[in-house]
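Open the model in your viewer and keep the selection tool at hand. This tour goes from one stop to the next.

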Amino acid sequence: MPTTRRQFLTTSALTLSAASYARAADNPSAKIRLAVMGLRTRGKQLIPGFAALPGVEISHVIDPDPAMVKPALDVLKNPASLPKIETDVRKMLDDKSVTAVVVAAPDHWHALATVWAAERGKHVYVEKPVSHNLIEGRRMVQAARKYKVVIQAGTQRRSSTSVAAAREFVKSGKLGKVAFARAWIAGSRKPIGKKADGPAPKGVDYDLFRGPAPERAFNANRFHYNWHWFWETGTGELGNNGIHGLDVIRNVLQLDAPTRIASMGGKYVFDDDQETPDTQTAMFDFPGCTVVWEHRVWEKSGPEKQSFGIILHGEKGSLLFDGSGWHVRDGEEIKEPNGPDMVKAHQKNFIDAVRGDAKPNAEVEEGHKSTRLCHLGNIAFRTGKVLKFDAATETTDSSEANKLLGREYRKGFELPAV
């Protein structure tokens, strides 16, 4: 009997067995060769941590802008050999000596690069949010299962000992029933202004940068970093930073899928080229709990005098994450400091999983479930509708909203079926 979509989603949500990583453990003592795609910010930040791990070599650095290569190479300290430089990720994919790919390119490239790599038996560390749209995220989960590769989401708080301690504290019942949680960011953005189309900088392959997105003339506001604020390439502040807060809440409260989503806001302060809102509130109803995300990127300081924060409101007190860890107020007096460097721990966990020595702390299924909150919040905002969500089919009760669950792909950049 063929497997139904509902059965597949139920099965794939189960914890991966050790057998799922058999390929990763075939030769655990072999050197792990990593190709890093996307160098401007996150890729460059991740390179030193991966390169410092025993038995790990950076084999390739990949970016459509050649100006990004030297700064990325400069962070490598005394490498045994310099990585190969590529503009197009496809030129690396058939190199059988590459063990895994670090996908730190813009959001609209995450799924395509991940599935292409998985098809060729390569493991993937993919930055947050894991996908540009909800359908892509599910396709990435399917690829991990079909090709039996490790796909780790870059939600590094999944490797935080402080967050793990919060989860155990809540699980113990010491906070009581937690019926409301909130995460936010404020005060970290400036307007990007308005810029006209023009020629791309020398050497930049802007057509390749656009990849799956529609073809457009070069515009500096749709290029480095500011791609976040356009729906064709980014997921707005909700996908950029909301994913971190929402993932922590899902993790600590052990939440799965929302039943109802609403969002409101707009461009109330910035008069610039951005399409995504500078002010947004997204609300998610889960069974027994409501979760809220807020961003006001123009505000000097946020709630609790924190530019980024997470708070869980329980019957016996409120647990507040702050810059030094977390503490409970109006309840049991407890304070948990931040533990060891969670980014380094997260990178090591990925390499250990590739070697078959561990399970990934942020396996792609969990990354997808947290990322889909961002997608659903943005879809509710863009349609102006309160959406009911069916987790079994991963669709809403709105035909207009369901059209935004996926995207059209440019020829040559289609997302493969899995």
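Begin with a term: on a 1 Å grid over the protein atoms alone, a pocket is an open set of points with protein on both sides within 12 Å along at least five of seven lines, and its lining residues have an atom within 4 Å of a point. This is a predicted model, where local features need pLDDT of at least 70, side-chain atom pairs count only at pLDDT 80 or more, and totals for chains, interfaces and linings use all residues. Residues are numbered from 1 along each chain as its sequence is written, and side-chain values use heavy atoms, with hydrogens and water left out.

**Stop 1: the largest pocket**

Select Thr41, Arg42, Ala104, Trp227 and His228. Of the 34 lining residues, these lie nearest the centre of the largest pocket. Its volume is about 680 Å³ (the space filled by probe spheres set on the grid points, which are joined across faces, edges and corners). Now colour helix H2 (42-51), H5, helix H8 (206-210) and helix H9 (236-253): each gives the lining at least two residues. Helices here are DSSP runs of H or I, at least four residues, and strands are E runs of at least two, numbered from the N terminus.

**Stop 2: helix H5**

Select residues 107-119, helix H5. Is this helix enclosed or open? Because 12 of its 13 residues are buried, H5 is largely enclosed by the rest of the structure. Buried means under 20% relative accessible area, exposed over 50%, and partly exposed in between (1.4 Å probe, protein chains only). Pick Trp116, in H5. Trp116 is buried, with a relative accessible area of 9%. Just after H5, find Gly121, with a positive phi of about 75°.

**Stop 3: the largest cavity**

A cavity is a set of grid points where a 1.4 Å probe fits but cannot get out. How many of 30 Å³ or more are there in the whole structure? The search finds one. The largest cavity holds about 50 Å³ of space. Select some of its lining residues, including Arg189, Trp229, Phe270 and His295.

**Stop 4: a residue in a loop**

Finish on Tyr268. It is found in the loop between strand S8 (260-266) and strand S9 (279-286). Is Tyr268 buried or exposed? At 59% relative accessibility, Tyr268 counts as exposed.
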